[in-house]
Amino acid sequence: MKFKKQIAGLQAYQPGKTTDEVKKMFNLETVTKLASNENPYGASPNVKEYLDIASIDYAIYPDGYASKLRTAVAKHVNVSEKQLLFGNGSDENILIVSRALLQPGLNTVVADVTFGQYKHNAIVEGAEVRTVPLLPNGEHDLDEMVEAVDENTAIVWICNPNNPTGTLIASDKIKAFVEKVPNDVLIVLDEAYTEYITDETYEDSIHLLDKHPNVLIMRTFSKAYGLASFRVGYAIGSEEVISQLEPTREPFNNTVLSQEVAIIGLADQAFIQSCQEKNNAGKAQYEAYCAERNFNLYPSHTNFVFMEVKADSDSVFQGLMKRGFIVRSGNALGKPGYLRITIGTEEQNTELLQKLDEVLKEEGVL
Ligand SMILES: *Cc1c(COP(=O)(O)O)cnc(C)c1O
């Protein structure tokens with residue numbers, strides 16, 4: 001058959017093991033998954049309250065324009081409704097953007113290492129992928145990324161804060177970068193963790209749209225809002241960019257329930273605030289742990305940490321899994337010797353760090 005040449009050998013996304021699988025494998029009673037940066041506190045309790053009594057007409061298609069959710073998000077981020085694109089998670093927005101802009105003969109510029117879906121979608125579309133190594137501090141090398149742009153560049157991807165390093169690029173650096181990139185290149189700012197940022201120098205990037213209609217900001221309900229299972233992400237852009245992207249998305253890409261719960265989650269900003277505070281306290285547990293053991297830890301502006309373990313990450317990952325904690329091995333993320341751990345509740349962090357000590361003793365590191 002006539003499959004695209006470029007997808008030969010391309011791997012499907014490898015989800016980690018589920019907690020049920022790990023329970024069975026190691027005969028454990030409880031398994032804690034701190035691997036995908038989901039909110040350990042779940043979602044706003046108002047979501048559960050709604051779902052308990054929700055009454056929807058199963059046979060009717062959802063609102064394909066997500067009108068009610070659109071109104072709520074537009075108000076929340078203070079843009080017009082025509083400046084929003086809703087996707088089945090940011091993952092789908094990445095696909096929509098790639099589908100609309102990339103093709104053989106064009107290229108896209110991404111950091112190495114960063115969120116894997118930018119590169120993955122570019123390969124599917126047959127575009128050249130130009131990777132630019134991160135700076136030693138874990139930030140994107142914006143100067144080199146500008147250098148990599150040429151007349152055939154269609155998209156530059158900036159993950160800020162970056163997954164997996166958790167580092168934040170300062171707002172003034174982003175602004176200077178956006179000014180240097182030609183205005184016919186789409187600049188995507190993937191801000192999946194924006195709700196966790198507490199750095200005082202951070203400025204909301206939406207104001208960049210006033211002068212730079214080629215900027216597109218992506219946010220999601222999957223992380224701080226605790227609604228990953230519902231698959232809702234949104235992109236904020238200029239009306240001209242959004243109107244070009246809209247035709248490439250599926251007609252009914254958010255379900256009825258996902259639209260409803262996203263509205264409810266958005267309305268409970270007190271919940272987001274409390275998660276942010278607890279997250280900062282949890283982050284401090286990892287910072288103290290790494291400082292005591294002299295492990296490098298990238299400064300995190302997210303709900304995960306990316307830390308050195310001075311051992312083979314895959315064996316440490318296995319050791320933690322046997323003890324009931326699922327994390328991500330740095331090997332899988334392009335940084336051997338590191339682990340990416342979602343910051344859990346205080347209790348989960350304490351227990352995980354105790355187990356990590358056990359594993360690292362076995363590994364001869366401690
Ligand atoms: C989790 C994540 C996404 C995907 O989010 P969904 O909305 O669940 O698809 C996108 N980008 C980054 C950087 C992420 O960490």
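**Cysteines and the domain interface**

Q: How many disulfides does a search of the whole structure find?

A: A disulfide is a covalent bond between the sulfur atoms of two cysteines. The search of the whole structure finds zero, taking a disulfide as a pair of cysteine sulfur atoms within 2.5 Å. This is a predicted model: local features need pLDDT of at least 70, side-chain atom pairs count only at pLDDT 80 or more, and totals for chains, interfaces and linings use all residues. Residues are numbered from 1 along each chain as its sequence is written, and side-chain values use heavy atoms, with hydrogens and water left out.

Q: Is Cys-159 buried or exposed?

A: Buried means under 20% relative accessible area, exposed over 50%, partly exposed in between (1.4 Å probe, protein chains only). Cys-159 is buried at 3%. Cys-275 is also buried, at 1%.

Q: Which domains does the assignment give?

A: Domain 1 covers 19-43 + 270-363, and domain 2 covers 45-267. These bounds come from an automatic or database domain assignment. Their C-alpha centres lie 26 Å apart.

Q: How much area do domain 1 and domain 2 bury between them?

A: The size of an interface is often given as the accessible area lost when the parts come together. Here the two domains bury about 2,000 Å² (1.4 Å probe, summed over both), 62% of it on carbon and sulfur atoms. In domain 1, Ala-43, Ile-272 and His-301 lose the most area to domain 2, together 30% of what that side buries.

Q: How many salt bridges are counted between domain 1 and domain 2?

A: Zero, where a salt bridge is a side-chain nitrogen of Lys or Arg within 4 Å of a carboxyl oxygen of Asp or Glu.
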